[in-house]
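Biologist: I've got this model open and would like a close look at a single part of it. Could you walk me through that spot and then show me how it sits in the rest?

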Amino acid sequence: MAANEKPGKARRGVFPTILDETYAVPMTQPFWDAAKEDRLVAPRCMTCGTFRLPPAPFCWVCQAQEVDWVELPGTGTVYTYTVVRHPLHPDLAEVVPYVSGLIELDGTQGAGARMLANIIDCDPEQIRIGTRVRIMFDHVNEEMSTPRFRPLDGESGS
Amino acid sequence: MTIRDKTAIVGVGATPYYRRGESYPQTELEMACRAILLALEDAGLTVADVDGFALFAYGYDPAQVAATLGVPEVRFSAQLTSGGGGSAGALGLAAAAIEAGMATCVVSYMTLQQRGRRIGGTAKGGFPEHALGSYGGHAVSPLAAFTANDGLIAPGHQFAWLAQRHMHLYGTKREHFAEVCIASRENARRRPETALHTKPLTLDDYFNARMISDPLCLFDYTVESDGAVAVITVAADRAKDLRQPPAYILASAHGGNGRWGPSHLQWFQTPDDEFASSGHRPVAKRLYEMAGIAPADVDVALLYDHFSPMVIMQLEDYGFAPIGEGGPFVADGHIRWKTGSIPVNTHGGHLSEAYIIGMTHVREAVEQLRGVAVNQVDGAEIALVTGGPAALPVSSLLLRR
């Protein structure tokens, strides 16, 4: 558990940052640089336009290496999710139930850019496949800004 | 050239199955060796005959086993990559080694003791290593930061995702998952000598159980257990002269589409048309082609059931039910012993009998084809065994009498 996540600081529904270092390399650094500024960027293949999340050294469509980093709107749609109710670790007793979901990101034309994240500030019983969400970043330290999503009010359900 | 009908499973051995941690003070090595010795005795062979190992899921080191048992010479020692998805495919690996002339008597086994650790739980005193991508002592991967903090820290979480998506697309219901659990439990109840869970399970029990990770409740999860199972494979012509009726390896296949990829805890760009599946579709196609049979020819199916919804998806991917109709298919009673069109997990499966990472399914298939299973399917000629859904590769095996 990260040093900043002291016992007692747990917040229901918010999965704690258990890795507070990014171990960034040039392939991943732009994501974390943008996250620090509350911006979501994703690497897109220069040759065929396929997004690669998590960042990857080669494109799975055309095997090219080079990417440009594209800023995305930060909104998306829940593709699938689970409500975790059983605390797998004692530190999670104060956290469950929490929602983890797979988010299809707007602005990627379905081209392979999904993100996996904790969905917070929601009633877990109201989350559905199709719920609209927006990203936020929890600035844990100089290095790590943990991405999470929140439902967009008035747009949930499908 | 294929491995079709070239080899046979001739011996099966197992320790008792124990609840998690209760095999102590035996060790995993001791249980592996005990299961192997029982399998050799079953076949009418001895340690002196053994010259190969074909394993899966980071199987217990054959170097230790060979030294402990005094195997005269090891000529083949290999395993399928990744985890439990390779259980059925390990037998295909054994068959390939024998057919290629690299070994003559190949042992496949799994030994498991969950003391101080829980597969699919958290590492003792900390979060699971896989969340940090540091299995095997490697440096932390720069990709770990993309998955460590998302809250998905156990296999149940990822399979909950697939189940949720299947429910959304096809209208699959928790009642359907319950039927898989109840059918397995009914089978386990008739074999208390091996099954760890033999209490009746009702629909009310199911719906009153605590939720673990929606839509999965306690009963949708595998039993947690200890024990070891070993099987012996030799060439078909040699098999005829041994102690037991051979269970011929009709076909085996493993793999999957590349973008099925690693565990969904670390990888989440599986194509849309394959996401709510067991990952087995391409493997099933190759398996049936190698065997030259159709799903209707299968008499009993031993499907890897770490999580009940994955049984439903495998019934679809192996052609017993159309894609998306696995739920209503089980609700119609098709997987029940005696009355169903394709009895599934007649031993009780991982859900009710025991979890030795797929090897109990291989054992049951062999017993069905010998005609000695507790829940015997009348006249069973062909048995299907699967390994996974899991990270790539998933695998399967067809055995015939």
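Biologist: Take Glu224(B): is it buried, partly exposed or exposed, and why does it count that way?

Modeller: Bear in mind that this is a predicted model. Glu224(B) counts as partly exposed, because it has 18 C-beta neighbours inside 10 Å. Being buried would take 20 or more, and being exposed 12 or fewer.

As for where that is, Glu224(B) belongs to the loop between strand 7 (216-217) and strand 8 (225-235) of chain B. Setting aside neighbours within four places in sequence, the contacts of Glu224(B) are Arg20(B), Gln114(B), Arg118(B) and Tyr355(B). There's also His306(B): it is 82 residues away along the chain, yet its C-alpha atom and that of Glu224(B) are separated by 9.9 Å.

Pro215(B) is in the loop between strand 6 (211-213) and strand 7 of chain B.

Now for the core. The largest nonpolar core has 162 residues, and the ones that touch the most other members are Ile9(B), Ile232(B) and Leu399(B). As a general point, nonpolar side chains in soluble globular proteins tend to be buried together.

Helix 9 (residues 281-291) of chain B is worth a look too. Its buried residues are Arg281(B), Val283(B), Ala284(B), Leu287(B), Tyr288(B) and Ala291(B). These cover an arc of only 155 degrees around the axis, so they sit on the same side of helix 9 of chain B. The cover over the buried residues of helix 9 of chain B includes strand 9 (247-255), helix 10 (308-317) and strand 12 (394-400) of chain B.

Helix 1 of chain B brings Leu29(B), Ala32(B), Cys33(B) and Ile36(B) to the contact, while helix 2 of chain B brings Gln64(B), Val65(B), Thr68(B) and Leu69(B). By type, the residues of this contact are six nonpolar, two polar and no charged.

Then there's the partner chain. Chain A has one helix and seven strands, in the order α-β-β-β-β-β-β-β from the N terminus. Of its 158 residues, 39% count as buried. Among contacts in chain A between residues at least 6 apart in sequence, 55% join residues at least 24 apart.

Where the two chains meet, 31 residues of chain A are in contact with 33 residues of chain B. The elements giving two or more residues to the chain A side are strand 3 (75-84), strand 4 (98-105) and strand 5 (114-119) of chain A. Strand 3 of chain A makes the largest contribution to that side, with five residues. The chain A residues that touch chain B split into 18 nonpolar, 11 polar and two charged.

Chain A has some backbone details of its own. Most residues other than glycine have a negative phi, and most peptide bonds are trans. Asp38(A) has a positive phi, near 60 degrees, without being a glycine. You'll find Asp38(A) in the loop between helix 1 (29-36) and strand 1 of chain A, and with 13 other C-beta atoms within 10 Å it is partly exposed. Gln63(A), likewise not a glycine, has a positive phi of about 65 degrees. Its 10 other C-beta atoms within 10 Å make Gln63(A) exposed, and its place is the loop between strand 1 and strand 2 of chain A. Pro54(A) is also in the loop between strand 1 (40-45) and strand 2 (67-72) of chain A, and the peptide bond joining Leu53(A) to Pro54(A) is cis, with omega about -10 degrees.

Technical notes:
Residues are numbered from 1 along each chain as its sequence is written. Chains are lettered from A and ligands numbered from 1 in the order in which they are written. This is a predicted model: local features need pLDDT of at least 70, side-chain atom pairs count only at pLDDT 80 or more; totals for chains, interfaces and linings use all residues. Two residues are in contact if their C-beta atoms, placed from the backbone, lie within 7 Å. Helices (H or I, at least four residues) and strands (E, at least two) are DSSP runs, numbered from the N terminus. Ala, Val, Leu, Ile, Met, Phe, Trp, Tyr, Cys and Pro count as nonpolar, Asp, Glu, Lys and Arg as charged, and the others, Gly among them, as polar. The arc is that of the directions from the helix axis to the C-beta atoms. A nonpolar core is a set of buried Ala, Val, Leu, Ile, Met, Phe, Trp, Tyr and Cys residues joined through C-beta atoms within 7 Å.
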